[in-house]
Amino acid sequence: FLSKVILNYVFQGCFVFKSASKKRKRHVGGYLVDDSDENGSDRFRICQKLWETVQTNTEVIQDQLNKKVLDSLAEFIKKHGLGCSSDNWRQRAREIPTAALMLGVNVPDHAMTFRSLCNLLQDSVTPFVVSVHAKECAAVKLLIQKVLEQLMGRGVSVDEEQEDDTALLQRTQCTISALCQWYKTVTKVREDKRTYTIDFPQSLPVVVIFKDFEAFNSQVLQDFILICSRYTQELPFIFIFGIATSPSAIQHRLPHSVSSLLCIEVFHSLSCTQHLASVFDKLILNSQFPFKLSSRVIQVLVGIFLYHDFSVQNFVKGLQFSMLEHFKSQPLSMLCCQKQEALLSAKTLSKKNVERIRHLPSFMRYVETQEPQEQVRLLTNDEHVKEVCQKLLKNLHKYHKNYYPILQCLHSLTSSLPKFPLGKHIRELHVSCIEKNLWETEEYDSALQLLRILAKDELVAALRKCAEILKSTKILQNVLQQLEDFIGRLEALEGVSSEDSSGNGIISGKMEYQKTDLFQLQKTLLEKESRRTKRMNPFEVLRSQVIEFIDSLVREYLTPAELQPLNEVCYYSSSGVLRQRLNVTPRTSIQAALSHPFYYLQNESLKTDAGTISSAAPDLCIVYKLHLECGRLINLYDWLEAFLTVMSAAEDQDTNSEECGKYDSLKHARFIQAVSEMEFLGFIKSTKQKTDHVARLTWGGC
């Protein structure tokens with residue numbers, strides 16, 4: 001009877017089999033198109049092209065910067081794993097070669113480095129490469145299972161008939177001895193033609209990469225190393241520890257009895273700041289990349305990099321988000337492309353886009369500088385606006401083409417000055433240049449003063465660097481010729497140095513000494529010093545001419561970007577939106593949601609005046625606003641009474657009646673739930689000072 005009942009329940013079951021869902025195809029340009037925009041598809045195409053450029057250049061930069069350390073790791077593994085006979089397999093018995101790879105605290109960037117390392121090792125050294133994460137290896141059994149799964153599941157098997165046995169081995173016998181047997185099988189060259197094997201050298205190492213070494217459980221690491229050390233004669237293990245802090249982390253995680261089993265060699269990768277500088281030069285300080293960032297946006301992205309995660313990948317993601325936001329919010333961003341394509345787009349501007357150009361602040365300033373007749377034509381003739389737009393786009397591209405070489409020259413001149421008046425990195429100088437007139441700042445004046453006291457050798461070396469920069473760009477040839485002329489004239493001066501001129505100079509007039517007080521003597525000396533004339537030697541005269549020439553280049557080519565007409569087409573300047581999206585503040589968002597629930601729920605009944613509490617708001621919002629009126633300690637009974645008063649207003653009860661303020665079990669439960677949620681969010685906590693009170697933890701609520 002019981003079996004019949006069970007069968008009846010089984011037969012009454014409903015079994016659903018879902019078919020493979022097909023992804024709905026979307027129109028490519030639909031992401032940036034609305035009802036009033038006809039250029040969304042072009043903007044999306046340009047944005048996608050620039051996105052791919054950013055992605056490609058980032059990967060190329062990553063490979064170039066990591067090439068040295070990755071090649072060193074490959075040589076280390078070849079030296080300890082390949083071509084070693086059984087007699088000298090290890091320097092000492094049970095010792096495992098270990099590479100400590102110092103990657104820095106920029107943990108989000110480690111994934112790309114390890115991916116490149118795995119590809120390099122599998123292509124040129126050994127196919128037996130395993131990478132493990134700490135979150136997947138909470139126990140030694142799980143760690144060994146992960147190693148076996150990645151090795152045996154890589155397709156390196158004896159023949160097709162044994163694939164099922166290999167899979168069964170992974171599930172039931174996850175031991176190092178099973179791995180030894182498998183390793184001997186796949187590396188042994190058999191003469192039997194019926195048996196399919198892969199002809200590998202016998203001494204191919206097994207590389208195990210611990211991506212986040214500090215996150216591993218120390219006991220798991222100790223047990224795994226002890227187990228592997230017993231099989232060093234059968235399995236040529238090589239470990240790679242990915243370390244974010246310092247090499248001392250190995251001593252902190254492993255006792256001496258375990259670390260003595262490792263032959264450790266330390267490898268250092270380039271710092272994340274050097275990586276950021278390379279990305280900055282390749283993507284932002286590049287005239288061939290049309291998309292630009294304003295000074296405030298750069299400060300937001302660099303601030304997140306320096307004060308949060310040191311992640312170059314997150315910096316690139318912020319750049320890509322800025323690009324998406326620019327092409328979505330700026331309809332004229334279809335002109336943010338290469339020069340020829342932008343000129344073609346300017347010829348075919350629609351009437352609506354011509355009107356948008358007229359409303360650009362930079363174009364309006366340009367119109368105000370023209371003659372009255374020209375102003376009328378720019379405001380009434382669309383075809384004339386298209387022609388002027390092409391001319392302004394050419395000037396904008398020329399501005400960028402001349403701007404970056406001069407910026408690099410100025411940085412090479414000032415980056416070695418004491419205290420770095422214009423910044424240690426070129427990004428700091430770039431922000432200062434595009435934000436305001438650089439020559440009007442005190443930092444620029446102090447930099448020129450330091451340049452005016454440079455010795456001849458230092459000045460010649462700095463000018464040579466500038467000449468090399470201009471030669472590599474192949475533009476501004478007239479500037480290059482003048483620099484080479486200055487270099488030749490400086491080198492022609494023999495036996496003259498800046499120190500020789502320090503004592504040259506004669507004081508006009510003779511000092512007359514007379515009896516006076518200290519204040520009068522100081523005043524007299526200052527007047528004599530002001531009338532002092534100094535005779536300059538030939539080197540000082542030439543050095544002064546060089547500094548004046550550099551100053552003229554700065555004033556001509558390093559003007560702020562916002563002064564260029566149509567700069568809004570290429571420059572993204574919404575730093576507030578970027579900060580709100582990338583540099584989020586959860587506490588502020590939670591406080592805003594609890595104080596103003598209408599902002600998120602969009603319910604008209606939740607609209608309230610400042611300082612009032614809506615009875616229609618959620619219980620948590622009511623309790624939160626009531627707690628803002630309290631001090632450091634909150635009386636739970638008074639808090640409950642205030643909550644019931646607000647709830648009575650929601651039920652349209654008379655606040656002066658006896659029923660008002662009385663509560664039932666449901667309201668009591670709602671209050672307790674809201675208070676528990678407040679404690680969970682971290683606004684209050686229980687206190688031992690008074691059992692019927694809670695302590696307030698946050699201040700300055702919205």
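**Helix packing, salt bridges and burial in a predicted model**

Q: Is Lys351 buried or exposed, and what is its relative accessible area?
A: With a 1.4 Å probe and protein chains only, buried means under 20% relative accessible area, exposed over 50%, and partly exposed in between. The structure is a predicted model, in which local features need pLDDT of at least 70, side-chain atom pairs count only at pLDDT 80 or more, and totals for chains, interfaces and linings use all residues. Residues are numbered from 1 along each chain as its sequence is written, and side-chain values use heavy atoms, with hydrogens and water left out. By these cut-offs Lys351 is exposed, its relative accessible area being 62%.

Q: Which residue forms a salt bridge with Lys351 at 3.3 Å, and which helix holds that partner?
A: A salt bridge requires a side-chain nitrogen of Lys or Arg within 4 Å of a carboxyl oxygen of Asp or Glu, and the closest N and O atoms of Lys351 and Asp382 are 3.3 Å apart. Helices (H or I, at least four residues) and strands (E, at least two) are DSSP runs numbered from the N terminus. Because Lys351 lies in helix 14 (residues 351-358), the pair ties together parts that are 31 residues apart in sequence, and the partner is Asp382 in helix 17 (residues 382-414).

Q: About how many helical turns separate Lys67 and Asp71?
A: Lys67 forms a salt bridge with Asp71, the closest N and O atoms being 3.0 Å apart. Asp71 is partly exposed, at 30% relative accessible area. Because the two residues are four apart in helix 2, Lys67 and Asp71 are separated by about one helical turn.

Q: What is the relative orientation of helix 2 and helix 12?
A: Two packed helices are described by the angle between their axes and the distance between the axes. Axes are lines fitted to C-alpha atoms, for helices over the stretch in contact, and angles run from 0 to 180 degrees between N-to-C directions. Helix 2 (residues 40-81) and helix 12 (residues 312-329) pack at about 170°, with axes 10 Å apart. Angles under 35 degrees count as roughly parallel, 65 to 115 as roughly perpendicular, over 145 as roughly antiparallel and the rest as oblique, so the two helices are roughly antiparallel.

Q: Which residues does His400 contact beyond its neighbours within four places in sequence?
A: His400 lies in helix 17 and is buried at 5% relative accessibility. Contact means heavy atoms within 4.5 Å. Leaving aside those sequence neighbours, the residues in contact with His400 are Ser287, Lys292 and Tyr571.

Q: How far from Cys180 is the nearest cysteine sulfur?
A: A disulfide is a pair of cysteine sulfur atoms within 2.5 Å, and the whole structure contains zero disulfides. Cys180 is in no disulfide, and the nearest cysteine sulfur, that of Cys228, lies at 9.0 Å.
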